[in-house]
Amino acid sequence: MADSAGIQQGSPAIGAVGSAPAAPGPGGAEGSGAAGGSARISVKKAQLRSSPRPKKLEKLGVYSSCKAEGACKCNGWKSQNPPPTPPRSEQPPITASLQEPCRSCSHALGDHVTHLEHISEDEINRLLGIVLDVEYLNTCVHKEEDADTKQVYFSLFKLLRKSILQMGKPMLEAQESPPFERPSIEQGVNNFVQYKFSHLPSKERQTIVELAKMFLNQINYWQLETPSQRRQRLPNDDTAGYKANYTRWLCYCNVPQFCDSLPRYETTQIFGRTLLRSVFTVMRKQLLEQARQEKDKLPPEKRTLILTHFPKFLSMLEEEVYSHSSPIWNQDFLAGASGGQIHVHTVISAPPVARPLYYSISPAASVELNSGGGVSPARKTSSALEPSAVGEKRKLSDALPQEENKKPRVVGDIPMDLINEVMATIADPAAIPEQNSLLSAHSARDEAARLEERRGVIEFHVIGNSLNQKPNKRILMWLVGLQNVFSHQLPRMPKEYITRLVFDPKHKTLSLIKDGRVIGGICFRMFPSQGFTEIVFCAVTSNEQVKGYGTHLMNHLKEYHIKHEILNFLTYADEYAIGYFKKQGFSKDIKVPKAKYMGYIKDYEGATLMGCELNPSIPYTEFSVIIKKQKEIIKKLIERKQTQIRKVYPGLSCFKEGVRQIPIENIPGIRETGWKPLGKGKEVKDPDQLYGTLKTILQHVKSHQNAWPFMEPVKKTEAPGYYQVIRFPMDLKTMSDRLKSRYYTTRKLFMADMQRIFTNCREYNPPESEYYKCANLLEKFFYTKIKEAGLMDK
């Protein structure tokens with residue numbers, strides 16, 4: 001494709017079948033393509049391999065050293081009558097005989113090919129393929145204008161030439177062999193899909209997978225700019241690092257597409273984040289420009305996918321590519337949190353060489369991506385997709401909205417339309433009085449820190465030392481800064497010990513950066529196989545304390561671990577730190593089994609072991625904002641109710657007439673406030689009697705043949721999107737735990753939780769499903785038992 005199309009030569013046209021990159025040649029000559037270049041070479045190889053054996057020997061003799069007696073130094077046979085240049089099409093080529101002498105050494109052609117006499121036809125054909133690759137590279141060397149590219153072509157030319165002389169297989173000699181970085185681009189994109197879209201129903205998730213395939217296909221066929229071109233465009237860039245990757249890309253990915261005697265690798269499988277960062281911005285810009293220019297040529301069923309969804313997919317991926325703390329580039333991204341390693345199930349397989357950019361996808365699949373709005377960057381919502389059909393249990397009935405009013409509602413639920421109406425007034429800045437939250441006595445501890453983060457005053461980065469990668473100067477400076485902060489704020493801890501752990505590659509540190517310098521951090525070590533993380537050091541420099549930084553640091557750390565599916569913290573807190581950790585949700589009640597952490601964590605004399613269990617459904621960095629908004633919602637609901645019942649009734653005069661008491665429902669206006677008479681059925685006042693009655697009922701329910709779908713909480717892996725649909729999940733295991741803890745002080749609490757199980761099931765599953773039927777039958781059985789126990793009138 002020509003440069004005027006807005007895409008680098010070599011990138012597949014969006015929606016075009018069989019387009020491919022420019023063949024290596026004279027400076028990337030305009031209009032040369034892989035389909036044409038590699039096809040021409042393949043045709044020549046096929047023609048030569050079908051030639052008679054004397055013709056093959058003549059071709060190989062040109063690249064074979066003379067074997068005649070007398071130690072002849074001729075390194076290739078040359079014909080006495082070379083063909084004219086350019087060759088005349090009407091004159092058939094003349095095959096030389098084995099007795100024809102060489103123009104250089106006068107020895108016969110047979111003396112140059114004696115070593116090939118007993119070689120099999122397959123081996124002869126293999127060597128002939130290398131010969132044509134050598135000739136092609138020779139042309140490239142002479143026509144290439146870029147010095148770096150020319151040097152690579154010449155090195156490969158010499159390598160193949162040597163392979164013919166020695167009758168060996170071409171082996172690239174390099175300090176490193178593929179892959180050059182882990183995780184690879186392909187694995188990183190797989191992780192991105194898992195990280196951002198694993199919660200989606202299968203249909204929408206398949207759309208994301210198709211977009212990811214398109215992106216990987218583009219990279220595999222992308223023509224990198226030369227180091228000299230990059231120097232002109234980015235004078236301050238790391239030229240040496242880019243040149244090394246460019247050389248590797250030519251040798252292992254680009255040239256082997258045309259010279260198939262060289263081993264070929266996919267770009268996305270042997271390169272990682274470093275190369276992707278160097279090409280992503282330009283690639284994204286040019287791809288989107290080409291898509292706009294060629295939108296009229298796109299098939300209708302691909303137009304929405306490419307013009308609408310692909311740009312949003314690239315924007316979300318760009319954020320993860322250039323983010324310093326993105327988890328998708330961690331090699332242990334998919335490490336399990338509950339013992340053992342989770343096997344990596346590849347979401348996207350690398351597309352084959354001749355595959356077009358777009359792939360078959362259902363036109364009905366629709367996806368809408370967003371960047372999360374006002375949610376914390378650490379927990380941005382990846383998609384606004386509505387759940388769709390993903391199997392019987394996970395299926396959301398299309399008729400749900402129409403049937404919503406027919407379903408039994410759980411006591412205490414507030415209609416969603418009322419909630420949305422109130423939310424709209426709260427979201428309106430004009431409806432909320434302007435307050436200086438920093439001066440408010442009721443402000444959350446982390447509110448000031450959260451506002452500073454949004455304004456860009458402070459930043460949070462998870463960093464660590466590495467013995468495998470090239471040291472990053474900025475990260476090393478931050479690690480030194482963290483060592484200083486910990487040493488000053490933790491004077492009883494030996495400096496050598498602090499230094500050893502901060503710079504230990506097994507430890508990471510969540511660093512708090514303000515004005516380019518470190519002002520605090522939390523050093524930790526993750527034990528994915530054991531399901532917990534040990535917090536080693538936690539400190540904020542003294543002149544930056546009492547600003548909420550410590551709370552906001554811990555909240556970021558919690559969200560980082562939720563992403564990595566580690567839901568338990570352990571730490572040894574000294575007498576000065578116990579108060580801080582209690583405020584962050586830590587307690588002396590350790591949820592992790594002792595066998596899990598014994599021998600793994602460091603024991604500190606005089607310190608108290610504390611633990612914290614994380615809830616993956618809580619967005620910790622925004623938790624105080626959510627609570628504040630919930631309070632505002634309740635306040636608004638109360639105000640609305642008050643306006644409805646503001647009518648003033650005259651006082652009760654019956655008592656002056658000697659009446660001692662009246663039924664509550666006879667008080668004027670009492671029903672308008674929302675009061676309702678107690679439900680029929682007796683309330684058991686004795687707690688032990690109530691406990692025994694409810695325990696018996698629950699055991700009967702759990703033993704029922706239709707109780708199996710409700711025994712335990714629904715797993716996210718089995719029902720993606722379940723917790724986006726069901727706001728208040730409930731199950732029989734949770735009810736058993738609540739019963740043991742004496743949570744059910746009244747029968748109403750118990751009945752409300754049980755009713756919620758049935759309501760949730762009918763809300764999520766279609767009426768024809770087995771789960772829906774189980775809920776109906778178990779509900780009928782439950783209320784029968786309630787009536788038998790005398791908790792409800794029969």
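This is a predicted model: local features need pLDDT of at least 70, side-chain atom pairs count only at pLDDT 80 or more; totals for chains, interfaces and linings use all residues.
**First stop: the cores.** Start by selecting F215 and F313. These two have the most contacts inside the largest nonpolar core, which has 83 residues. Now colour residues 121–143: this is helix α4, and it gives the most to this core, with 11 residues. Then select I522, I566, F569 and M610. They are among the 30 residues of another core, which lies apart from the largest one.

**Second stop: the salt bridges.** Side chains of opposite charge can pair when their charged atoms come close. Searching the whole structure turns up 18 salt bridges, and here are a few to visit.

Select D148 and K243, whose closest N and O atoms are 3.2 Å apart. D148 sits in helix α5 and K243 in helix α9, so their pairing ties together parts 95 residues apart in sequence. Is D148 buried or exposed? With 13% relative accessibility, D148 counts as buried, while K243, at 34%, counts as partly exposed.

Next, show E318 and R284, a salt bridge with its closest N and O atoms 3.6 Å apart. E318 belongs to helix α12 and R284 to helix α11, so this pair links parts 34 residues apart in sequence.

Move on to R742 and D688, where the closest N and O atoms are 3.3 Å apart. R742 lies in the loop between α24 and α25, and D688 in helix α22, so the pair ties together parts 54 residues apart in sequence. R742 is partly exposed, at 42%, and D688 is exposed, at 52%.

**Last stop: a network.** Finish with K514, R517, E544 and K547, which salt bridges with shared partners join into one network.

Notes:
Residues are numbered from 1 along each chain as its sequence is written. Side-chain values use heavy atoms; hydrogens and water are left out. A nonpolar core is a set of buried Ala, Val, Leu, Ile, Met, Phe, Trp, Tyr and Cys residues joined through side-chain atoms within 4.5 Å. Buried means under 20% relative accessible area, exposed over 50%, partly exposed in between (1.4 Å probe, protein chains only). Helices (H or I, at least four residues) and strands (E, at least two) are DSSP runs, numbered from the N terminus. A salt bridge is a side-chain nitrogen of Lys or Arg within 4 Å of a carboxyl oxygen of Asp or Glu.
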